Each structure stands twice: as C-alpha cells, then as structure tokens.
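Thanks for coming. I have one model to walk through today, and the sequence and structure go up first.

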Amino acid sequence: MAQGVLKQGIAPGRLEPDQYKSNFADLHPPLDRHEAYVEADRCYFCYDAPCMNACPTAIDIPLFIREIATGNPMGAAETIFEQNISGGMCARVCPTEQLCEEACVREEAEGKPVKIGQLQRYATDIAMFHGAQFFERAAPSGKTIAVVGAGPAGLAAAHRLAVKGHDVVMFDARPKSGGLNEYGIASYKSTDGFAQREVDYVTAIGGISIENDKALGRDFSLEDLQAKYSAVFLGMGTGGVNALRAENEDASGVSNAVDFIAELRRATDLANRPWAAASSLSAAA
Ligand code: SF4
C-alpha cells in the first residue's frame, strides 16, 4: 500500500518491532502464586453460586477457588478438568465478563468480580506444566471409535471415550489439530503454542491417535467410518461465518475474520504480511 493518507483519513504505515511483540503478547499475563491467593480470598464461596450457574460447563467454581485458597492448585485443576478437559483453553478464551464473572456477587456489589478465569488458568497451568493426569482409563472395551474433527468438541469426546476404555482414532482436515483453538483464536488470547500443548495434554491419557490432513467427504466417507469403527462422533465444529452481504465483500484482499486470524496465527513474519499495514493490523488486534 502506498504511503500517504487514504481518502477515509487513515494513514497506512508499519508498526515498530516492539509493537508487534506487545500487540501479540499474552492479553492477561498469568497470576503468580501470591496474586492467586489474594484473588481466591476475595471469593465468598456462595451457596448456590451464581457464577457456577452461569458457567456453560458447570464447573464447581467456588470449590476450585477454595482449593486454590487452601494451597491445593492440583485439586483445583482436578475439579476443573473433571467437568471440562479444555479448562485451560476456556480460562483463556471464555468471555468470562459475560458469564461467570458477570454473575459474581462481587460484580453485583462492587463492580469488581473475582477473577475466575485467571484463577482457572492459574490452577490448570500448574497441572499441565507438571503433566498431571487425573483420569485413569477403564479396562479396554475392545471398541474403536472414529472422531471426525480434532477441535474442542472432538478432543473432549475423544478424552471421555478414552477414559471409558475405548480406543479412538481422530481425523482432522487440517495439518494441525486443535480446530478453532489452533486456527481461530486471536493470538494474544492463546500464546506460546498453548493450543498444541492442550492437544498433547488431552491425548496423553493414551488410546487416542490423530490423523491430520484427512477430510470427511474428500478422503473417506461416513459409510467408510461406519463400516470400520464401532461408532462415529462428528465434531467438525461451526467454522462457517455469516456473510455480511456488504458490497464487494468477495473482492480481492477482503477476508472474513476467522480466515484472517488463521493467517495471522500461521505467520512467521508479521511485519511482512501483505496486510500488515499498521492501520489494518491495529484494527484487527
Ligand atoms: S459468585 Fe463470586 S464470590 Fe460467589 S462463589 Fe462465585 S466467584 Fe465466589
């Protein structure tokens, strides 16, 4: 893009190297131990906790916060993972301000909720860093289940199936596993390859293999899977985006937000992408 001022009044340019670094750094750096204790102490451990009722995965929030407050982050992680094996990623990407934290009584009373998402990340990070596994596989069932899609739904299904003693073969159309977590989450929400680390953590239970670059409808059919496996779980996700129906939305250089984020996440040199003019990058970040 030529230097100068566009007719909309936006001046294109390039960010400084440090700005790239800070724009793509962890949006909410993790709590340290002291910060986690202080934050956990703010919880009232409410009866019939509204935060828990607002959590789509119904994690026992007051219980895991109490476990953190009493110096038991591993116990807290177990409480979280029992309900949601993707608790580490959810701690990073959940819109907590519209869910558990919006419902927190501290938000109601003071406009300052307990930092539930940050506490969840604190506990799950410790467990994942130590490779702590809280589940044991049941005796082999002799069944092998096909799971299509190695994104959040597929991984959660595969993990639960593995716990119950089944073997699982996952198929994913893309070269890397993780689905939306790997390709569709803004970089500053999930840094340092966390999506892949979560895939590794989930599959570490054993009995789960993943075949990448294998797409349903292209490399195999549903009938193929039904003939070969005891059951099939379809977890391809909802990767489609709504058409804006704006004029020229299919013009060259225009892409939807999910594809844009996917390209950003794959970029090895952010400064030399064709769309890396400061104006557009700042707007996206
Ligand atoms: S609503 Fe807030 S104070 Fe009450 S249990 Fe949940 S996090 Fe703790």
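I will start with the overall layout, then take the ligand, the core, some secondary-structure elements and a few single residues.

Two points on the source. This is a predicted model, in which local features need pLDDT of at least 70 and side-chain atom pairs count only at pLDDT 80 or more, while totals for chains, interfaces and linings use all residues. Residues are numbered from 1 along each chain as its sequence is written.

The overall layout, then. The protein chain has 15 helices and 4 strands; these are DSSP runs, H or I of at least four residues for helices and E of at least two for strands, numbered from the N terminus. Taken along the principal axes, the C-alpha atoms fill a box of roughly 65 × 55 × 35 Å. Of the 285 residues, 31% count as buried. Buried here is defined as 20 or more other C-beta atoms within 10 Å of the residue's own, exposed as 12 or fewer, and partly exposed as in between, with C-beta atoms placed from the backbone.

The chain is divided into domain 1 (1-28 + 244-285), domain 2 (33-129) and domain 3 (144-234). Those bounds come from an automatic or database domain assignment. Between domains 1 and 3, 10 residues of domain 1 are in contact with 7 residues of domain 3, where contact is defined as C-beta atoms, placed from the backbone, within 7 Å. The side of domain 1 that touches domain 3 has 8 nonpolar, no polar and 2 charged residues. For these classes, Ala, Val, Leu, Ile, Met, Phe, Trp, Tyr, Cys and Pro count as nonpolar, Asp, Glu, Lys and Arg as charged, and the others, Gly among them, as polar. On contacts in the chain between residues at least 6 apart in sequence, 71% join residues at least 24 apart.

Next, the ligand. Which residues are closest to the ligand? They are C43, C46, C51, P62 and C104, out of 15 residues that surround the ligand. A residue is near a molecule if its C-beta atom, placed from the backbone, lies within 6 Å of it. Two or more residues of the shell come from each of α3 (50-54), α4 (61-69) and α8 (105-110). Helix α4 gives the largest share, 3 residues. By class, the shell has 14 nonpolar, no polar and 1 charged residues.

Staying with α4, its buried residues are I61, P62, F64, I65, E67 and I68. They pack against α2 (33-40), α3, α5 (73-83), α7 (100-103) and α9. Just after α4, G71 takes a positive phi of about 80°.

Now the core. A nonpolar core is a set of buried Ala, Val, Leu, Ile, Met, Phe, Trp, Tyr and Cys residues joined through C-beta atoms within 7 Å. The largest one has 50 residues, and C51, I61, I68 and A123 have the most contacts inside it. This core draws at least three residues from each of domain 2 and domain 3. Leaving aside neighbours within four places in sequence, I68 is in contact with A36, A40, P73, A76, L119, Y122 and A123.

On to α12, residues 194-203. How many of the residues of α12 are buried? The count is 7 of 10: F194, A195, E198, V199, Y201, V202 and T203. They pack against α6 (87-93), α9 (116-129), α10 (152-163), α11 (180-183) and β3 (208-212).

The loop between α12 and β3 holds I205. I205 counts as partly exposed because it has 19 C-beta neighbours inside 10 Å. Beyond four places in sequence, its contacts are Q133, F135, R137, H159, A162 and V163. Q133 is 72 residues away along the chain, and the two C-alpha atoms are separated by 7.3 Å.

As for strands, β1 (residues 144-148) and β2 run parallel, joined by 5 bridges; pairing requires that DSSP finds at least two bridges. I145 stands opposite V168 in β2. Strand β2, residues 167-172, has 5 of its 6 residues buried.

Last, two non-glycine residues with positive phi. A58 has a phi of about 55° and sits in the loop between α3 and α4. A58 counts as exposed because it has 11 C-beta neighbours inside 10 Å. R245 has a phi near 60° and is found in the loop between β4 (231-234) and α14 (257-266). R245 is also exposed, with 6 other C-beta atoms within 10 Å.

Methods:
Two residues are in contact if their C-beta atoms, placed from the backbone, lie within 7 Å.
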